[in-house]
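Take a look at the model below. We will walk through it step by step, beginning at the ligand and ending at the core.

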Amino acid sequence: MPGLFLTLEGLDGAGKTTQAGRLAAFLEARGLPVLLTREPGGGLPGVRELVLKEALSPEAEYLLLSADRAEHVRKVLLPGLRRGQAVVSDRYLDSSLAYQGFGRGLPLPWLLEVAKGATLGLKPRLTFLLDLPPELALARVKDPDRLERLGPAFFQKVREGYLALAQAEPERFVVLDATRPEEEVARAIQAHLLPLLP
Ligand code: TYD
């Protein structure tokens, strides 16, 4: 696969979307063709609204997110990578492992089994985890949705889940302290990317 697949992960309010935009601009400035995309909704646009607004069982929530991801992989991510683009996704499978697995308690083996079909085994080359305490993350969120209303205990589990995922795959994850100023976090991301760029 010629392209470069990068993802950003973290709690709501961690600054992923800002950093995804900065990362895309950095890669473009270095002459790389960039595709900036996101989950949920990157494959099936209606899924984000359903997941945020409806009180779904965790299983239904995960299966909807997986349907969205299956479309996202086949129609957006893989075609972009085949064209040789640097594909930057604001959230991907690790969000489900952290939120639906560690947060909502679904068993990881089942999540991973479904994910095999949904993702066709596509994994990011690097995943930037913007880590910060839930109290700080939630305080930054202006418009709390259903997941945000689950409160700090839920988000503590999600945070710990993300850190466990990062510990299990240190060669893929880059854990960044998201309490630092935006500019510093952006520079840390860029420093990790330099060795991978042509
Ligand atoms: P996102 O659009 O990133 O929210 P925001 O831009 O408001 O931070 O994600 C919406 C919510 O969906 C967010 O609370 C995280 C959650 N989510 C999951 O629970 N599992 C997943 O697999 C994904 C992709 C998102």
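Which side chain has an N or O atom 2.8 Å from a nitrogen atom of the ligand? The side chain is that of Gln100. Keep in mind that this is a predicted model.

Stay with the ligand for a moment. Arg91 places a polar side-chain atom 2.7 Å from an oxygen atom of the ligand. Arg69 also takes part: an N or O atom in its side chain is 3.0 Å from a ligand oxygen atom.

Now turn to the sheet. It is open and has five strands, in the order β2-β3-β1-β4-β5. Their pairing is parallel. At the edges stand β2 (34-38) and β5 (173-177). Each has a single partner strand, so one side of each has no neighbour in the sheet. From one strand to the next, the twist averages 20°.

Follow the pairings across. β1 covers residues 4-10 and β3 covers residues 86-90, and five bridges join them. Here Leu8 has Asp90 in β3 as its bridge partner. β1 also pairs with β4, again in the parallel sense, over five bridges. Thr7 stands opposite Thr127 in β4. β4 then pairs with β5 over five bridges. Asp131 stands opposite Asp177 in β5.

Is β4 mostly covered or mostly open? It is mostly covered, with six of its six residues buried. Leu126, Phe128 and Leu130 are buried on one side. Thr127, Leu129 and Asp131 are buried on the other.

What lies over the sheet? Helix α1 (residues 16-29) lies across β1, β2, β3 and β4. The helix runs at about 155° to β1.

Next comes the core. In soluble globular proteins, nonpolar side chains tend to be buried together. The largest nonpolar core here has 53 residues. Leu23, Leu27, Phe128 and Leu193 touch the most other members. Leaving out residues up to four places away in sequence, Phe128 has contacts that include Leu8, Leu23, Val174, Leu176, Ile189 and Leu193.

One last stop is Gln85, in the loop between α3 (58-82) and β3. Is Gln85 buried or exposed? Its relative accessible area is 13%, so Gln85 counts as buried, because the cut-off for buried is under 20%. Not counting residues up to four places away in sequence, Gln85 touches Gly3, Leu4, Pro33, Val34, Leu35 and Gly80.

Conventions:
Residues numbered from 1 in each chain as written. Predicted model: local features only at pLDDT ≥ 70, side-chain atom pairs only at ≥ 80, totals over all residues. Heavy atoms only, no water. Pairing = 2+ DSSP bridges. Helix = DSSP H or I, 4+ residues; strand = E, 2+ residues; numbered from the N terminus. Axes fitted to C-alpha atoms, helices over the stretch in contact; angles between N-to-C directions. Contact = heavy atoms within 4.5 Å. Core = buried A, V, L, I, M, F, W, Y, C linked by side-chain atoms within 4.5 Å. Buried < 20%, exposed > 50% of the residue type's maximum accessible area, 1.4 Å probe, protein only. Polar contact = N/O pair within 3.5 Å; in protein donor to acceptor, adjacent residues only side chain to side chain.
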